[in-house]
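Here's a quick tour of the fold and its ligand site. Have the sequence and the 3D view open as you read.

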Amino acid sequence: MSNKKILILPGDGIGNEVMSEVLKIINWMEKTKSISFDISERLVGGTAYDKEGDSISDETMQVALDVDAVLFGAVGGSRWDNVEREKRPEAALLRLRKDLDLFANLRPAVVLDALAEASSLKTHLVKGLDILIVRELTSGVYFGQPRGISKISETESKAIDTQVYSTSEIKRVSKVAFDLAKLRSNKVSSAEKSNVMETGLLWRNVVTDLHEKEYTSVDLEHILADNCAMQLVRNPKQFDVILTDNLFGDLLSDTAAMLTGSLGMLPSASLGPVKENGTRAAMYEPVHGSAPDIAGQSKANPLAMILSFAMMLKYSFNMQEDSQLVEKAVQNVLLKGLRTADIADSANKIISTKEMGDAVIEELKILSGN
Ligand code: IPM
Ligand code: MG
């Protein structure tokens, strides 16, 4: 079987540090498990802008299109605040999403027992929480045309963003949500604003129709997006899979992330359509950003990046066992009380990014007897 081709894009800020820990795990897997990965690494974000004049070069985009999966760190920082929009660090992320057609963004929000106390909500509300947000990622107001700011008089300007969705765009992401729900607790909550938005109404109708035709065995509820935000902090365990559009997904996934107490713990996957040969483009990235304030100090939590790698093993390479092994190693490290600063309380000894990566490898060795 051919090697698994991965493109590594560490990006800016803490991106490099957290990615280094994943590379250690990859090395360990290659040595002990006779799995081999074919890895290329390139610049992205502000770092790429500084060195290559754009936040993602055409060559890098070409490599991204060619590999089996992209592993993405984080981009952005105030240093690039004044760069024109098309070249800003975030533009690289949007281009990757669009050009790879990564329409289905999977954002799990899971509260591990060891961290239930870290949430800002009462422990009983979040203990055992396991939600999956499925966010549409390549359409909606992020990409709709027309958009722009135009001057309409000496003193007035007008800004336009366009929220647009088509039947097929809604349908394909809804299928992903229903299929995943079947493997979980079998419930989909579809969030939109059909009470005020045309796209919300179409969204609701398409989801209803698809449900009736193909997924009657899955429980479906429609929920207005504002109510969904409220319910997420009132009683989050009522949810299993939340299906929603690009903009609402951006907001709801940050809310869900914070329920877990640490953004530094959450991975994500962005998947393209399944091609004829059964493969699909995919990108995996932690939900946290580049955290420039702590960059270069070995303080960042590498676990979200490591768990993103675990998602890659599962969704891109069908390596369920190895994926679970990495997840289990992370859980065990936490059960032993090891914490980076973001998830520590006064009882914990705080360890560095590197020490956390090493601790995960130690656990991997113990779990696999290697
Ligand atoms: C996210 C981020 C991005 C988004 C930004 C960095 C463009 O907030 O992935 O949630 O808005 O989608
Ligand atoms: Mg966001």
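In this predicted model, 10 strands make up an open sheet with mixed pairing, in the order β2-β1-β3-β12-β11-β4-β5-β10-β8-β9. Strands here are DSSP runs (E, at least two residues), helices are H or I runs of at least four, both numbered from the N terminus, and two strands pair if DSSP finds at least two bridges between them. β2 (37–41) and β9 (219–224) sit at the edges with a single partner strand each, so one side of each has no neighbour in the sheet. From one strand to the next, the twist averages 20 degrees (axes are lines fitted to C-alpha atoms, for helices over the stretch in contact, with angles from 0 to 180 degrees between N-to-C directions).

Helix α3 (residues 58–66) lies across β1 (4–11), β2 and β3 (69–74), at about 140 degrees to β1; contact means heavy atoms within 4.5 Å.

Now the ligand. Around ligand 1 you'll find Glu90, Leu93, Arg97, Arg107, Arg135, Tyr142 and Asp250, each with a heavy atom within 4 Å. Helix α4 (residues 89–99) gives the most to this shell, with 3 residues. Polar contacts (N or O pairs within 3.5 Å) include these:

| Side chain (N or O atom) | Distance to an oxygen atom of ligand 1 |
|---|---|
| Arg107 | 2.7 Å |
| Arg135 | 2.9 Å |
| Asp250 | 2.8 Å |

Taken alone, ligand 1 exposes 320 Å², and the protein buries 71% of that (Shrake-Rupley method, 1.4 Å probe).

Residues are numbered from 1 along each chain as written, while chains are lettered from A and ligands numbered from 1 in written order. Local features need pLDDT of at least 70, side-chain atom pairs count only at pLDDT 80 or more, totals for chains, interfaces and linings use all residues, and side-chain values use heavy atoms, leaving out hydrogens and water.

Notes. Polar contact = N/O pair within 3.5 Å; in protein donor to acceptor, adjacent residues only side chain to side chain.
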